[in-house]
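Work through the exercises below with the sequence and the model side by side. Each task is followed by a solution that goes step by step.

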Amino acid sequence: MGFASTTCLITLAALSLAVLVQTDDAHQARSGWDYPPACCKSHDVGGDCEAIPTLDVREGSRGFLVFLHAGDHHLATRAHMFFIPYGDELPSGDGLYHICLHPTEDDVNCFFAPPDSA
């Protein structure tokens, strides 16, 4: 095997490993579906996306009202109220409500609702 062939194999192996590492780094809901990369900015412990209790969400005339209590999301240290207009929600991959808080607990980056809501 020549130098060019060996270099090509090493490059191919490195690219394959990079793809595997990126896939393993994808943040997932506990139920196993992947949050979109644009929603999940943090790969720290727990990430910034998480399922929230159904009781935290109310459907209003123009959108979702989310009353997030301290501890309902691992980043929420105090109570929050968020309004998500209809059309800004994303379909949930497991039928639960999920919220991604980024860059702080005061900011909703993405909100997921069950497909049959709204």
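Predicted model: local features only at pLDDT ≥ 70, side-chain atom pairs only at ≥ 80, totals over all residues.

Residues are numbered from 1 along each chain as its sequence is written, and side-chain values use heavy atoms, with hydrogens and water left out.

**Exercise 1. Describe the protein chain as a whole.**

Step 1. The protein chain has 1 helix and 7 strands, and their order from the N terminus is α-β-β-β-β-β-β-β.

Step 2. Turn to burial, where buried means under 20% relative accessible area, exposed over 50%, and partly exposed in between, with a 1.4 Å probe and protein chains only. Of the 118 residues of the protein chain, 31% are buried.

Step 3. Take the accessible surface, computed by the Shrake-Rupley method with a 1.4 Å probe. For the protein chain this surface is about 7,300 Å², and carbon and sulfur atoms account for 60% of it.

**Exercise 2. Trace the sheet that contains β3.**

Step 1. Two strands pair if DSSP finds at least two bridges between them. In the order β2-β3-β4, 3 strands make an open sheet with antiparallel pairing. Because β2 (57-59) and β4 (80-85) are at the edges with a single partner strand each, one side of each has no neighbour in the sheet.

Step 2. Follow the bridges: β2 pairs with β3 (residues 63-68) over 3 bridges, and Glu-59 has Phe-64 in β3 as its bridge partner. Between β3 and β4 there are 6 bridges, and Phe-67 stands opposite Met-81 in β4.

Step 3. Compare the faces of β4, of which His-80, Phe-82 and Ile-84 form the covered one, whereas Met-81, Phe-83 and Pro-85 form the uncovered one.

**Exercise 3. Trace the sheet that contains β7.**

Step 1. Here 4 strands form an open sheet in the order β1-β6-β7-β5, and the pairing is mixed. Since β1 and β5 (90-91) stand at the edges with a single partner strand each, one side of each is left without a neighbour in the sheet.

Step 2. The pairing of β5 with β7 (residues 108-113) is parallel and runs over 2 bridges, with Leu-90 opposite Phe-112 in β7.

**Exercise 4. Is Phe-112 buried or exposed, and which residues does Phe-112 contact?**

Step 1. Phe-112, which lies in strand β7, has a relative accessible area of 1% and is therefore buried.

Step 2. Contact means heavy atoms within 4.5 Å. Leaving aside neighbours within four places in sequence, the contacts of Phe-112 include Trp-33, Tyr-35, Cys-39, Leu-90, Tyr-97 and Cys-100.

Step 3. For a distance across the sequence, take Asp-88, which is 24 residues from Phe-112 in sequence and 9.0 Å away in space, C-alpha to C-alpha.

**Exercise 5. Which strand gives the largest share of the lining of the largest pocket?**

Step 1. The largest share, 3 residues, comes from strand β1 (residues 49-52).
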